Amino acid sequence: LIWHLYPVTTIFIDGRMLDPTRVAPYTNILWMTPEGRQFFENSNFDLVLIPFGNAFSGERYPILDYLRSNADWRIAYQDRAGYLFIRNMP
């Protein structure tokens with residue numbers, strides 16, 4: 001997916017690129033801490049590709065409920081691995 005979206009889409013984080021400056025914001029976004037929610041809402045994300053939950057603990061990431069209940073976002077694709085959310089255009 002990343003290869004097909006390049007160069008139109010800029011990736012914030014993925015498993016091949018663990019930029020230390022992005023790990024903390026990413027973790028806060030996943031768990032929707034106050035800092036993570038603010039960072040997410042102030043950023044210009046258009047796509048969110050995310051697994052169902054934490055691979056180690058099985059816990060569901062709170063960002064899933066946030067995106068599913070937010071009218072600005074819709075599920076574009078879902079399979080056994082997770083979700084692809086797309087921001088609704090105004």
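**Fold and core of the predicted model**

The protein chain contains four helices and three strands, where helices (H or I, at least four residues) and strands (E, at least two) are DSSP runs numbered from the N terminus. Starting at the N terminus, the order of the elements is α-α-α-β-α-β-β. The radius of gyration is 13 Å, close to the 12 Å that the globule rule gives for 90 residues, so the protein chain is as compact as a globular protein of that length; the radius is taken over C-alpha atoms, and the rule is 2.2 Å times the number of residues to the power 0.38.

This is a predicted model, in which local features need pLDDT of at least 70 and side-chain atom pairs count only at pLDDT 80 or more, while totals for chains, interfaces and linings use all residues. Residues are numbered from 1 along each chain as its sequence is written, and side-chain values use heavy atoms, with hydrogens and water left out.

**Overall dimensions and contacts**

- Along the principal axes, the C-alpha atoms fill a box of roughly 30 × 30 × 30 Å.
- Of the contacts (heavy atoms within 4.5 Å) between residues at least 6 apart in sequence, 42% join residues at least 24 apart.

**Surface and charge**

- The protein chain exposes about 6500 Å², of which carbon and sulfur atoms supply 57%; the areas come from the Shrake-Rupley method with a 1.4 Å probe.
- There are 8 positive and 9 negative side chains, and the centres of the two sets lie 6 Å apart. Lys and Arg count as positive and Asp and Glu as negative, leaving out His and the chain ends; each charge is placed at NZ of Lys, CZ of Arg, CG of Asp or CD of Glu.

**Nonpolar core**

- Buried residues (under 20% relative accessible area, 1.4 Å probe, protein chains only) make up 29% of the 90 residues.
- The largest nonpolar core has 17 residues, among which F40, V48, I50, I63, L67, W73 and F85 touch the most other members. Such a core is a set of buried Ala, Val, Leu, Ile, Met, Phe, Trp, Tyr and Cys residues joined through side-chain atoms within 4.5 Å.
- Two or more residues of this core come from each of helix 2 (20-30), strand 1 (47-51), helix 4 (62-69) and strand 3 (82-87). Helix 4 gives the largest share, four residues.
- Beyond its neighbours within four places in sequence, I50 contacts L30, Y61, I63, L64, A81, G82, Y83 and F85.

**P25**

- P25 lies in helix 2 and, at 19% relative accessibility, counts as buried.
- Not counting residues up to four places away in sequence, P25 touches F12 and F39.
- P25 and Y6 are 19 residues apart in sequence, and their C-alpha atoms are 23 Å apart in space.

How values were computed: Buried means under 20% relative accessible area, exposed over 50%, partly exposed in between (1.4 Å probe, protein chains only).
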